[in-house]
Amino acid sequence: MAGRVFSYRLDDITEDMDWEKFLRMKAVFDRFQIKPLIGVVPCNRDPKLKAGAVRQDFWDYVRGLQNEGWTIAQHGYEHLYTTKESGLLGLKNASEFAGVSYEEQREKLRLGKEILQKHGIQAEVFMAPGHTYDENTVKALAENGFCYVTDGYADCVYRLHGMTFIPCKSAGIPSAGVDTVCLHVNGMQEEDFEEIERFIERNRSDIVDYKKLLELSPLEYAGTAEKQEKRNLWKRKVKHSITRNETVQEYLRQHNNSNFLWKWISRIVGLPGLAVKLLVKKA
Ligand SMILES: [Zn+2]
């Protein structure tokens, strides 16, 4: 697909997240006038998401973002992974939804939505913790009045089981076609903020408010979208098996240099040696 259009999403929005980091990221979006998607956990019970003091006016603040034009997603219910299922995409072997009975999923979604609505938050978008959901999740989402899922690995927006999927394929540099870059501010470091600000400055013309992605007309999943998704998931798998290989990691550490050009010359020149090492290890 020619061209690229993407937006940003911030996961794990809770009353006790790292507010300093969140506000730092918000200042970047404000500077470039970008309105992203945020995933609010309705009733967080995941201790890993706690990163600071509780913000007492949390719900008022989220409502304020909604009024500013930010899009709000319901990010699961309690953000607890209760199964080891990887769901439709297979990106992670842990889920709050995939593998759970249809009735239970429907109830979790309903309770979550009720909390958001009580605070004046209208979420039509669902953000699955761990990108894990199954067919029952999609059915239960439709039952609870959701219209969109911020996930999918195709290069276009697609329709599946009555739900619209807005691709979310990247955590750093967005990929081809339609994409959403997924950011977890709690874990971001100084250099991450600097890097992302530079990236946005250079690529501002490809970035849209998240609402614009919701307006794109979807393709039916069967056909082009399905092919793209399978191809992209396969590419990701290959990339991960290479970058997570110990020999490759050791090689990258050895062939490192603060000079970008030298680093890559050294890495390319060293490739035959790496290939031999990998073959010897395999044998
Ligand atoms: Zn999350």
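User: Which residues of H7 are buried?

Analyst: Buried means under 20% relative accessible area, exposed over 50%, and partly exposed in between, with a 1.4 Å probe and protein chains only. In H7 the buried residues are Tyr221, Ala225, Gln228, Glu229, Asn232 and Leu233. Strand E6 (158-160) and strand E9 (219-220) are among the elements that cover them; contact means heavy atoms within 4.5 Å. Helices (H or I, at least four residues) and strands (E, at least two) are DSSP runs, numbered from the N terminus. This is a predicted model, in which local features need pLDDT of at least 70 and side-chain atom pairs count only at pLDDT 80 or more, while totals for chains, interfaces and linings use all residues. Residues are numbered from 1 along each chain as its sequence is written, and side-chain values use heavy atoms, with hydrogens and water left out.

User: Where does H7 bend?

Analyst: The bend at a residue is the angle between axes fitted to the seven residues ending there and the seven starting there. H7, residues 221-243, bends by about 25° at Lys227.

User: Why do the buried residues of H8 line one face of the helix?

Analyst: In H8 (residues 246-254), Thr247, Val248 and Tyr251 are buried. Seen down the axis of H8, they fall within an arc of 100°, so they line one face of the helix; the arc is that of the directions from the helix axis to the C-beta atoms. Glu246 and Arg253, on the other side of H8, are exposed.

User: In what order do the strands of the open sheet run?

Analyst: Two strands pair if DSSP finds at least two bridges between them. Here 9 strands form an open sheet with mixed pairing, ordered E8-E1-E2-E3-E4-E5-E7-E6-E9. Strand E8 (177-183) and E9 are the edge strands, each pairing on one side only. E8 runs parallel to strand E1 (residues 4-13), and 7 bridges join the two. Arg9 has Cys182 of E8 as its bridge partner, and Ser7 stands opposite Thr180 in E8.

User: Is E8 largely enclosed or exposed?

Analyst: E8 is largely enclosed by the rest of the structure, because 7 of its 7 residues are buried. Helix H5 (residues 190-203) lies across E1 and E8, at about 150° to E1; axes are lines fitted to C-alpha atoms, for helices over the stretch in contact, and angles run from 0 to 180 degrees between N-to-C directions.

User: Which domains does the assignment give?

Analyst: Domain bounds come from an automatic or database domain assignment. For this protein chain, the assignment gives domain 1 (4-220) and domain 2 (245-282). Their centres, taken over C-alpha atoms, are separated by 36 Å.
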